[in-house]
Every structure is written in structure tokens, then in C-alpha cells.
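Subject: Structure handover

Hello,

Here is the structure I promised to pass on. Please open it next to this message.

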Amino acid sequence: MVRWDGHELAVVGSATGFWAIANGCLGKGWVKSMIHRQPVVAMSLALATAGVAMPIFIPPIRRKLGLPTNQYEAGLPGVVYPQLEE
């Protein structure tokens, strides 16, 4: 389950705000024309979007795999800490 705290809401809120501003300034169909005219910029924006979305989706995947999640969710119940071998 994705946990929606302040950081995740800030990321989603910023993304929707940027999208609304871009749609208002650039008009209808700007995404298709950008992908057609500037594919490198479109690909870099797609990679940046994936990178910004990773903190939302990676901790639940790590939790299901039994991997440590203490870097993402320190202090929350159910946090898995790394097991140090001595």
C-alpha cells in the first residue's frame, strides 16, 4: 500500500500544478507536438517523471520483498531494519 504523507502529496501536487500551468500556457496538443519536434526533451522529461515517482512506489515494493525500508520510512510501524552480521 502506498503511504501518502506530506512528501508524496507535495510531489503529486507540484506535478499537477506544473501540468495545469503548461496546459494553460501552451494550449491543447502541446504534448504531441513536443514529442514530435523535440524527442530528446520528451525522453528526458519522461525519465525525470519516473525518477520523481520512485520514492512513492519503491518502499512498498521493498517492504513486500522483505528488504530494509528504514531509509524511507524511519519511525513508522512495520519498518524493516537491515540485519547486520558480525
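Below is what I found, from the overall fold down to single residues.

Ground rules. This is a predicted model, where local features need pLDDT of at least 70 and side-chain atom pairs count only at pLDDT 80 or more, while totals for chains, interfaces and linings use all residues. Residues are numbered from 1 along each chain as its sequence is written, and side-chain values use heavy atoms, with hydrogens and water left out.

Overall fold. The protein has 3 helices and 0 strands. Both kinds of element are DSSP runs, numbered from the N terminus: helices are H or I with at least four residues, strands are E with at least two. Along the sequence the pattern reads α-α-α.

Dimensions. The radius of gyration is 18 Å, whereas a compact globule of 86 residues would come near 12 Å. That radius is taken over C-alpha atoms, and the globule rule is 2.2 Å times the number of residues to the power 0.38. Along the principal axes, the C-alpha atoms fill a box of roughly 60 × 25 × 15 Å.

Surface and burial. The accessible surface is about 7,100 Å², and carbon and sulfur atoms hold 67% of it. Areas come from the Shrake-Rupley method with a 1.4 Å probe; for residues, only the protein chains shown count as cover. Buried residues make up 13% of the 86. Buried means under 20% relative accessible area, exposed means over 50%, and partly exposed is in between.

Contacts. Take the contacts with a separation of 6 or more: 30% of them join residues 24 or more positions apart. A contact means heavy atoms within 4.5 Å.

Helix H1. This helix covers residues 6-26, 21 residues in total. It reaches 30 Å from first C-alpha to last, close to the 30 Å expected at 1.5 Å a residue. The expected span is 1.5 Å times one less than the number of residues. Gly27 follows H1, with a positive phi near 85°.

Ala15 sits in H1 and is partly exposed, at 44% relative accessible area. Its C-alpha is 8.8 Å from that of Thr49, 34 residues away in sequence. Ala20 is also in H1. Ala20 counts as partly exposed because its relative accessible area is 48%. From Ala20 to Ile56 the C-alpha distance is 21 Å, across 36 residues of sequence.

Nonpolar patch. Phe57, Ile61, Leu65 and Leu67 make a nonpolar surface patch of about 410 Å². Patch residues have over 30% relative accessible area and no salt bridge; like charges are joined within 9 Å, nonpolar side chains (Val, Leu, Ile, Met, Phe, Trp, Tyr) within 5 Å. A salt bridge is a side-chain nitrogen of Lys or Arg within 4 Å of a carboxyl oxygen of Asp or Glu. Phe57 belongs to helix H3, residues 39-65. It is partly exposed, at 49%.

Beyond its neighbours within four places in sequence, Thr69 contacts Pro59, Arg62, Arg63, Val79 and Val80.

Best wishes

How values were computed:
Buried means under 20% relative accessible area, exposed over 50%, partly exposed in between (1.4 Å probe, protein chains only).
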